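My notes follow in the order in which I read them.

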Amino acid sequence: MRDPYEVLGVAKSATAAEIKKAYRGLAKKFHPDHNKSDPKAAGRFAEINSAYEIVGDEEKKAKFDRGEIGADGKPRFAGFGAGPGGFSRAGGGPGGAHFDFNFGGGRGGFDASDIFSELFGAAAKRGGGAGGAGGARQKGGDVAATANVPLETAVMGGTTRVVLPSGRTLDVKIPAGVEDGKQIRLRGQGQPGPVGAEPGDALVTVKIAPHPRFRTDGRDLRLDLPITLYEAALGATVSAPTLNGKVELSLPRGSNGGRVLRLRGKGLPAADGRPAGDLYVTLKLMAPENADPEFEALMQKWRDQKPYDPRKGF
């Protein structure tokens with residue numbers, strides 16, 4: 001794998017903010033959803049994410065800079081010097097370089113398995129691989145992704161395609177009634193584990209896309225409903241949209257702009273043992289788009305003969 005600094009186009013001395021800015025720019029540029037006609041974009045996107053997983057993490061960056069891990073995030077093991085019971089590299093002939101092993105017996109010798117036992121034992125202590133007998137194997141790392149879904153999918157449920165940091169795409173099932181910010185765990189879809197260990201998980205955060213009419217507030221929904229001046233003054237029954245179609249909404253006489261009416265159970269449907277949310281309707285007074293002379297004369301009459309101050313006490 002290429003040097004992560006080279007992949008992100010930043011210097012080794014770059015700050016965390018500079019690294020994050022470079023990553024965001026490249027991730028946006030090479031995201032598969034924006035490059036559907038470029039088959040190489042997914043690979044480049046995966047390389048960018050892998051690089052950021054190293055230098056975007058303070059601990060991993062420090063280990064990489066010290067040479068303790070490689071660009072793939074795996075530990076680097078130092079070689080062994082030549083000497084009694086060790087091995088040394090010797091110049092080869094036409095066949096190239098080769099290694100001479102000396103696992104001599106006796107008091108100065110040792111078994112080759114001791115080397116690997118020591119290496120993997122040390123890795124296990126760092127949480128990087130399988131330990132010795134009875135040692136616990138640590139699973140691979142988790143990865144994070146975001147599922148942007150329309151409000152209708154959050155309400156009714158469905159599937160959506162998600163791109164993991166590796167560049168791999170998955171069709172994720174979205175449960176009905178899911179809230180904005182809800183996290184879905186996909187087991188075994190994270191980073192590969194060390195030898196003999198299970199892979200990590202993918203943690204997918206649901207983000208509900210903006211809707212032209214409704215706003216989400218936890219399990220509740222909010223709606224701005226335009227009404228006329230005479231509906232507000234005299235009261236009326238008006239049609240209001242909900243997720244399940246239109247309903248008839250009664251406006252009390254003398255309603256002011258900004259008044260909030262509550263429709264119980266008209267928010268997100270019940271899910272995960274939680275009841276359905278409510279729909280909060282905020283009334284929004286609207287003057288006529290094309291006011292005629294008669295309307296303007298009436299407003300002038302009110303102003304002159306029946307003035308009132310709605311901002312009193314502000």
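Predicted model: local features only at pLDDT ≥ 70, side-chain atom pairs only at ≥ 80, totals over all residues.

**Entry: the second largest pocket**

I looked up the second largest pocket and found that helix 8 gives the largest share of its lining, 6 residues. Helices (H or I, at least four residues) and strands (E, at least two) are DSSP runs, numbered from the N terminus. A pocket is found on a 1 Å grid over the protein atoms alone, as an open set of points with protein on both sides within 12 Å along at least five of seven lines, while a cavity is a set of points where a 1.4 Å probe fits but cannot get out; lining residues have an atom within 4 Å of a point. I noted a volume of about 690 Å³ for the second largest pocket, a volume being the space filled by probe spheres set on the points, with grid points joined across faces, edges and corners. Its lining has 23 residues, and Leu 229, Phe 295, Met 299, Trp 302 and Tyr 308 lie nearest the centre. Helix 7 (229-234), strand 13 (279-286) and helix 8 (293-305) each supply at least two of the lining residues. Sorted by class, the lining holds 15 nonpolar, 6 polar and 2 charged residues, where Ala, Val, Leu, Ile, Met, Phe, Trp, Tyr, Cys and Pro count as nonpolar, Asp, Glu, Lys and Arg as charged, and the others, Gly among them, as polar.

Residues are numbered from 1 along each chain as its sequence is written, and side-chain values use heavy atoms, with hydrogens and water left out. The protein chain averages a pLDDT (the predictor's confidence in each residue, from 0 to 100) of 81, and 81% of the residues score at least 70. Over residues 79-135 the pLDDT is below 50, and this stretch has 55 contacts (heavy atoms within 4.5 Å) in the model beyond near neighbours in sequence.

**Entry: the cavity**

I found 1 cavity of 30 Å³ or more, and about 40 Å³ of space lies in the largest cavity. Met 1, Arg 2, Pro 4, Val 7, Glu 47, Ser 50, Ala 51 and Ala 71 form its lining.

I then traced an open sheet of 4 strands in the order 8-9-13-12, with mixed pairing; two strands pair if DSSP finds at least two bridges between them. Strand 8 (214-217) and strand 12 (260-263) stand at the edges with a single partner strand each, so one side of each is left without a neighbour in the sheet. Strand 8 runs antiparallel to strand 9 (residues 220-228), to which 4 bridges join it, and Asp 217 stands opposite Asp 220 in strand 9.

I also noted an open sheet of 3 strands in the order 3-7-6, again with mixed pairing. Here strand 3 (143-149) and strand 6 (183-186) are at the edges, each with a single partner strand, so one side of each lacks a neighbour in the sheet. Strand 6 and strand 7 (residues 202-208) run antiparallel and are joined by 4 bridges, and the bridge partner of Ile 184 in strand 7 is Val 204.
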